[in-house]
Each structure stands twice: as structure tokens, then as C-alpha cells.
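Here is my notebook from a first look around this structure.

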2 protein chains.
Amino acid sequence: MEKLFYDVVAVGNAVVDVLARVGEGFLKERNLPKGGMVLVEAPEAGKIYADLVIEREVSGGSAANTIAAIASLGGTPAFIGKVHDDELGKLFKRDIGVAGIDFFTNPLEQGPATGRSIVLVTPDAERSMFTYLGASKKLSYHDVEEEMIKSSKIVYLEAYLWDGQSAQKAMIKACKLAKKHGKKVAFSLSDKQCVIRHQQEFVKLIRRYVDILFANEVEIKTLYGEDDLLKILDIVKEECKITAITMGDKGSVVVNGRTKTFVEAEKVEEVVDSTGAGDSYAAGFLYGIINERSLGTCALIGSFAASEIISHYGARPEISLRGFVRSKLQELGKKSI
Amino acid sequence: MEKLFYDVVAVGNAVVDVLARVGEGFLKERNLPKGGMVLVEAPEAGKIYADLVIEREVSGGSAANTIAAIASLGGTPAFIGKVHDDELGKLFKRDIGVAGIDFFTNPLEQGPATGRSIVLVTPDAERSMFTYLGASKKLSYHDVEEEMIKSSKIVYLEAYLWDGQSAQKAMIKACKLAKKHGKKVAFSLSDKQCVIRHQQEFVKLIRRYVDILFANEVEIKTLYGEDDLLKILDIVKEECKITAITMGDKGSVVVNGRTKTFVEAEKVEEVVDSTGAGDSYAAGFLYGIINERSLGTCALIGSFAASEIISHYGARPEISLRGFVRSKLQELGKKSI
């Protein structure tokens, strides 16, 4: 094995987003909830899938989106996640490769198909998501290789991954190896429902392993059962070394011990699709950390990256984030990345 | 002239603090206001001075205190200010020299005596200050040498200096030379009354020249005529590149464009004498800037420096601030200075 060197290794769900436009009737006839994200099993996914006219299939997954944005920023990332050796699995692998990301996890030869998130867009432009984790949940302890963790500055984990028993063990292994080799662990809370499902376990996981925690306001409030943001800021400073909380168009706040840094959001003319905003913020933030920038600048880079993602459909960058962020930093008279 | 190289050159009042303990009657008999700082002229100063049993004479002056703390932190500072060639003037010059600060301003041979701040401590531990600026106000345009400003990274000015017509010209010259040579200008608002006296002029001065503004809550609220701190933070971001606002035991907040960083105060067991807290905060902050640390860390170093100053009588450090701040940064797991 040649000598590896990564900025960030992410462990996450390998999921392909399947987009389709449907009428209001489609959801009602199948008794499907509108808006939000719901986990579904194979039969249910198959039932929805069968009747659809697919518009677009694009690689997704929260941590995978983050890692794609880090690659676009100029970083050297790797991804660990499980696909099946089927069509969608090949698509996922191709997209990851084209983005310049190392991805060596062996695909499943049998068992569940590649995970997919069926995104149904109704005429009112609302998105209803039905996620079948499939092969993703089969990520195993053995897929996390010590050499890879040892070769990375930061290990990045998504909370969604905790939904699979086998994947949980893979996450814990990644955390332990990171600590063993003195690497930073970053963790993203992913989703309110996911936090509700695993609240106690996440609190413990963060306390024990996590150096950099990403969350939005709703997620962090849910995690610590506290609704007052200022109180939350005083709680998280005891729970985690660095916590970055995104607050939509109000920007973000980074808590690091005695320091709380509020950073405004980068303004965008029109928010076309907010999917992936948090993922790309985390990417920009981590890229700042890798480059030893101040936490305020890390948050700024995060907000720049997010502004690109939300200005078009899809959760992966459509331009070179490196060039984009460089020009934004230059505008503010800040040192380039 | 040998090649100079300074971290900070300060332009300020050269004042000696004259401390004396008096009974309550002393103030009443002479009809002197208790608490706060009042500017007095020579006859009045002489009248107070004549009757006193002096306990201690120590070099003071706001910017001079800052510069002494920068020297103690390990910086290379210089001071520009006017004394008379009298006993207090010699004391001031000696203290500045012993602290390791370059101080080349020619003393007055005639005219007003060296400035002094008579500090009367009543049995209730309250301090009533009567400041005679004397020679300080005679600082002139010619005392600010281009070579010195050119040799420094930062030019630091105290607002108190604006009280003298001649000194104003010296300040403006320092600002213009700093801009000419691409140096940063830092400015401290000094005191609420001083801000009231020169409010409009200070707003203009800041807008035109100042890169780093230091103020406490009362001073900045007075300057911009706004009582809501959060609104102030949105005002100052348009007025000055970096603004550091101290808030006593609530810590400080640094505004830099889109970023607002709140930093907790360093706790002290007992606040013995808060004189010089703002001066030493500015010193720590600027020392952080010189060392290219993040603004949050600059504020932290400021709070460490201030915690040393307020834990004893007098506004100048009594230990090596460098060692003190190093150990504090180490405790927090931060890179040393």
C-alpha cells in the first residue's frame, strides 16, 4: 500500500439521491407523509420506486457531500461507506472518484441494494424524502482500516450512520483509532429525528470522542433538551472542544472554551435548494481547520461554501469551491486558502 | 540613527501617578469631588499637592501603561510623550527605560512641569483622581518622527491626548505617517468624559484612520449615542476594521466585519485595583495581533494581562506577563506566544 495522506477521512452512508416529480395525488394514494425525511425499508422503497419516472440520480449522503465539497475546496479527502455492486453503487463510486476522493471500501456482492434517498418533488416545490439505507447499514467494523485513519488529520462522521448496528461499530472503531493516533474527530448531528432516536448515546459519544461538533439550532437544542440558544452555548463548551452551530440566514456561532464567535451568513440572491447547506458548511469549516485558520475564518469559509450549494439544485458543488472561496476571502481582505 | 524595529509605538500622555491616603475631611475642606477623574490646572494641582504626605509616586499614563505591559509580554515597544526635565520627568523616563521601552522624546526645559495624576485614597478605599496634564499637553508635531512610525508595526494612541491642541496635531501626524507607511493605527477611547468632550471628532478620526479601536461598554455607547450593545456591534463593524469592547467581569467582544467574538474574562480571586485593566487588555490584544493570533486568542491574552494588573495596586505589571500569559495559554491547550 502506498503512503497515504489525507486531510479528512469521512465515514458515512453511501446513498444515491433519486429525484422525481410527482403530483399531489402520488403521495396521498400511497399514504406517504409530505415534507421531511423518513427511513423506509426495501419493500416500501421498491413500491415507491416502481411507479416513478426518474428525473435524475445523483450521489448524495451527508458525509459524502461534505467530502465532495472538501475535494472541491482543494483538500485531499477519502470516504468510507458501503454500496452494493449494482448500478447505483457504480454511480456512487464513479461520482466519488470523479470528485477526486479516495474510496476503497469493498462493495457488497450480495444482500441489500445500494442505499437511496427517493426525493419526491411536488408541484408546490416541496421535497418529501424516503430513504432506504440498504447496503449503507452493512458497513462493518472491518471496513475501517487503521492505516487510513492514521493517515488523516481529521475523521468525520455523520450521525445518520448510527441507525445501523453494524455501522455503529464501524463508527466507534474510527473514533478509537483516531484517538489512538492523535487525530481529530468531527461529528455532524445530521437531523432532528436522528437526534431524537439516539439522544443519550450521542451525548456520550460526543463527550468521549468528538473534538468538533456540527449541528443546526434545532438539532443542538434537541440534543441537550434546552431551548435557549445562549444557555446551549454555555452547555456545549463543557461537552465538546469546538462546536459549530448553523442558524440558517442568521449565520453560525462557534463555541470554543471561553470564546463564542458569531459569524454572519454569506448572502445569496435566491435560495434554490437548501439541501446540503449544513454538509457544505462543515466542509468549509474543516478546510479552514486543516489550514490552521481562526475559528471565525473557518465559519466564514463554511458560509461561503454553503452559499454556493444552496444557490442551485443538488447538494454537491457545481463550480470549483476553491476559486469561489478564494475570491470571497480576497473581497474581505483576508489571507487566501 | 541605527535601524529601529518596533512592534508598537505609542503616543500618549506622560504622567506620574502620585498616591496619597487622606481622610474624608481632606476632600470636603477643599471642595473636591469624590471618585472619578477630573482634569485640573497647575494652581489647583499645586494646592492639593502642597498639603499631601505622598505615599508613592509611580509612572502612569494610559498608553504608557499599555506599552509597559507590551514590554513585559516580550514585545519591542517605544513611547512618544512629553515630560519636563524635572524630578517627576526623570522618574517617568527611568521607569520607561527600566521596563525596556525606547523613549527619545526631548523633555521640556521650561514651561509646565511633568504631568501628574494625584490619586487620593480615602479610608473607604475609593480613589479620587485629579490630573494635571502639564508638559504632556506640550507634545508637538515635531516630536513624532517619521523614522519611528515607519519602523513600527502598530501605532497606538490614547484619546486622553486629544485634550491638548498641540498634542492633537502630533496624533494626526502619527496617523498620517502610519497610513503612508501601511502601518496599523490602534486607538483607545480612554474615558467616558473624554469621549463626551470630543465625540464628533473621535467618530471622524476613527473612520479616517483607526484599524483597531479599544473601548469599554460605557465609552463606546457614549461615542455612538446608542445604549443597546447588540446594535452597537452592528454600528462599529461599519466604522472600524477591528473593535474590541471590554465589559468588565463579563469579558470582551471583538467585532471584525461579519464576525463577533465574545470572550470570557479571566477570573481573579480578588480585584484589588481595577486601574489599568483596559490599558493592559489592549497590550495583550495587540501582542496577539503582532503574533498573528486569531482575534479570539488576542482577546484571551488581553484578559490574562488584565487579570494580573487588577490583582494588585498600580497599573503596571509586577511579574513577567510573558511567563504568566504563556502558562495560561498552556492551561487552555493553546499555542504559546
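This is a predicted model: local features need pLDDT of at least 70, side-chain atom pairs count only at pLDDT 80 or more; totals for chains, interfaces and linings use all residues.

**Entry one: a sheet in chain A**

I started with an open sheet of five strands in chain A, with the order β3-β7-β6-β2-β4 and mixed pairing. Its edge strands are β3 (37-39) and β4 (56-59) of chain A, as each of them pairs on one side only.

Next I looked up one pair of strands. Strand β2 (residues 15-21) and strand β6 (residues 115-121) of chain A run parallel, and seven bridges join them. For A:L19, I found the bridge partner A:V119 in β6(A).

Then I asked what lies across this part of chain A. Helix α4 (residues 87-98) of chain A lies across β2, β4 and β6 of chain A, and it runs at about 55° to β4(A).

I moved on to helix α4 (residues 87-98) of chain B, which has twelve residues. From first C-alpha to last it reaches 16 Å, close to the 16 Å expected at 1.5 Å a residue.

Which residues of α4(B) are buried? I noted B:L88, B:G89, B:F92, B:K93 and B:I96. They sit on the same side of α4(B), because they cover an arc of only 140° around the axis. An α-helix has 3.6 residues a turn, so residues three or four places apart point the same way.

On the other side of α4(B), I found B:E87, B:R94, B:G97 and B:V98 exposed.

Among the elements covering the buried residues of α4(B) are β2 (15-21), β4 (56-59) and α3 (62-73) of chain B.

Last, I looked past the helix: B:G100 follows α4(B), and its phi is positive, near 90°.

Technical notes:
Residues are numbered from 1 along each chain as its sequence is written. Chains are lettered from A and ligands numbered from 1 in the order in which they are written. Two strands pair if DSSP finds at least two bridges between them. Helices (H or I, at least four residues) and strands (E, at least two) are DSSP runs, numbered from the N terminus. Two residues are in contact if their C-beta atoms, placed from the backbone, lie within 7 Å. Axes are lines fitted to C-alpha atoms, for helices over the stretch in contact, and angles run from 0 to 180 degrees between N-to-C directions. The expected span of a helix is 1.5 Å times one less than its number of residues. A residue is buried if 20 or more other C-beta atoms lie within 10 Å of its own, exposed if 12 or fewer, and partly exposed in between; C-beta atoms are placed from the backbone. The arc is that of the directions from the helix axis to the C-beta atoms.
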